[in-house]
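I opened this model to look up its helix packing and a few single residues. My entries are below, in the order I made them.

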Amino acid sequence: MARSTKEEALETRGRILDAAAEVFHQRGVSRTTLADVATAADVTRGAIYWHFKNKGDLFDAMCERVRLPLEAMFEKTADENAQDPLTQFRNKCLFALQEATLNPESRKIFEIVMHKCELVDPEDPILVRQHECFLQGRTDIERLLRFAIAKGQLPRDLDPTLAAVMAQGLLFGILSNWTFSPNSFDLAENVSKVVDNCIHMFKTSPFMLKNNGN
């Protein structure tokens with residue numbers, strides 16, 4: 001009986017998250033109420049509050065199902081003893097872009113995060129989470145690039161902070177542009193070229209070096 005109850009609770013939670021993704025995608029996050037989600041999931045508002053504290057908590061759980069585009073990329077999986085940090089960087093970039101192009105559930109979440117959130121209240125927990133993920137993502141990219149510099153895979157004088165800013169801007173920008181207008185270019189066909197051009201920039205551009213190109 002207990003197992004059945006637990007399974008039912010998990011099924012209800014999953015149905016609520018599925019409904020939230022659909023309604024957030026259709027209406028936008030700010031225009032969606034928990035009542036809207038309850039209706040779409042065919043549950044009561046009480047059922048939603050049983051599983052989630054508020055809309056921000058629900059949004060957070062929805063994102064965690066697929067991970068945000070650049071959040072999952074650079075989790076602390078690399079360490080300073082890694083033999084090939086540059087390949088790790090490349091693989092993580094490819095993963096993020098391929099998730100958007102090949103995984104419909106991930107793509108829907110990416111579109112919500114990038115184009116369906118009206119974030120204006122600085123204390124909005126959704127905005128706070130987005131900002132924290134943004135900063136943590138840049139920190140983790142820089143960390144991995146520093147390892148690659150130490151291994152001699154990137155120029156010794158490469159500015160890792162600027163490189164992290166450029167990598168994050170390029171990848172996030174590509175994802176944002178493509179999810180906004182997916183028919184405007186074939187991202188799936190060009191994923192490797194996008195990532196390899198980013199790495200090529202790190203290796204060859206004099207403007208990426210410390211105290212150079214100013």
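**Ground rules.** I am working with a predicted model, in which local features need pLDDT of at least 70 and side-chain atom pairs count only at pLDDT 80 or more, while totals for chains, interfaces and linings use all residues. Residues are numbered from 1 along each chain as its sequence is written, and side-chain values use heavy atoms, with hydrogens and water left out.

**Whole chain.** I looked up the secondary structure and found nine helices and zero strands. Helices (H or I, at least four residues) and strands (E, at least two) are DSSP runs, numbered from the N terminus. I then checked burial: 43% of the 214 residues of the chain count as buried. Buried means under 20% relative accessible area, exposed over 50%, and partly exposed in between, with a 1.4 Å probe and protein chains only. For contacts (heavy atoms within 4.5 Å), I took those with a separation of 6 or more, and residues 24 or more positions apart account for 71% of them.

**α7 and α8.** I took helix α7 (residues 125-150) against helix α8 (residues 160-180): they pack at an angle of about 125°, with axes 8 Å apart. Axes are lines fitted to C-alpha atoms, for helices over the stretch in contact, and angles run from 0 to 180 degrees between N-to-C directions. α7 and α8 are therefore oblique to each other. The classes are roughly parallel under 35 degrees, roughly antiparallel over 145, roughly perpendicular from 65 to 115, and oblique for the rest. I noted the contact residues, including Phe134, Ile141 and Leu145 of α7 and Pro160, Ala164 and Val165 of α8. The contact of α7 with α8 divides into nine nonpolar, three polar and three charged residues. Here Ala, Val, Leu, Ile, Met, Phe, Trp, Tyr, Cys and Pro count as nonpolar, Asp, Glu, Lys and Arg as charged, and the others, Gly among them, as polar.

**α8 and α9.** I moved on to the next pair: the axes of α8 and α9 come within 10 Å and cross at roughly 165°. That makes α8 roughly antiparallel to α9. The contact includes Leu170, Leu171, Ile174 and Trp178 of α8, with Leu187, Val194 and Phe202 among the residues of α9.

**Val194.** I looked up Val194 in helix α9 (residues 187-204). Val194 counts as buried, at 15% relative accessibility. Not counting residues up to four places away in sequence, Val194 touches Leu97, Leu170, Leu171 and Ile174. Val194 and Leu97 are 97 residues apart in sequence, and their C-alpha atoms are 9.3 Å apart in space.

**Ser176.** I placed Ser176 in helix α8. Ser176 is buried, with a relative accessible area of 17%. Leaving aside neighbours within four places in sequence, Ser176 is in contact with Met114 and His115.

Which residues of helix α2 (residues 34-41) are buried? I found Leu34, Val37, Ala38 and Ala41. Seen down the axis of α2, the buried residues fall within an arc of 100°, so they line one face of the helix. The arc is that of the directions from the helix axis to the C-beta atoms. Just after α2, I noted a positive phi of about 60° at Asp42, a residue other than glycine. Asp42 sits in the loop between α2 and α3 (45-51) and counts as exposed, at 68% relative accessibility.
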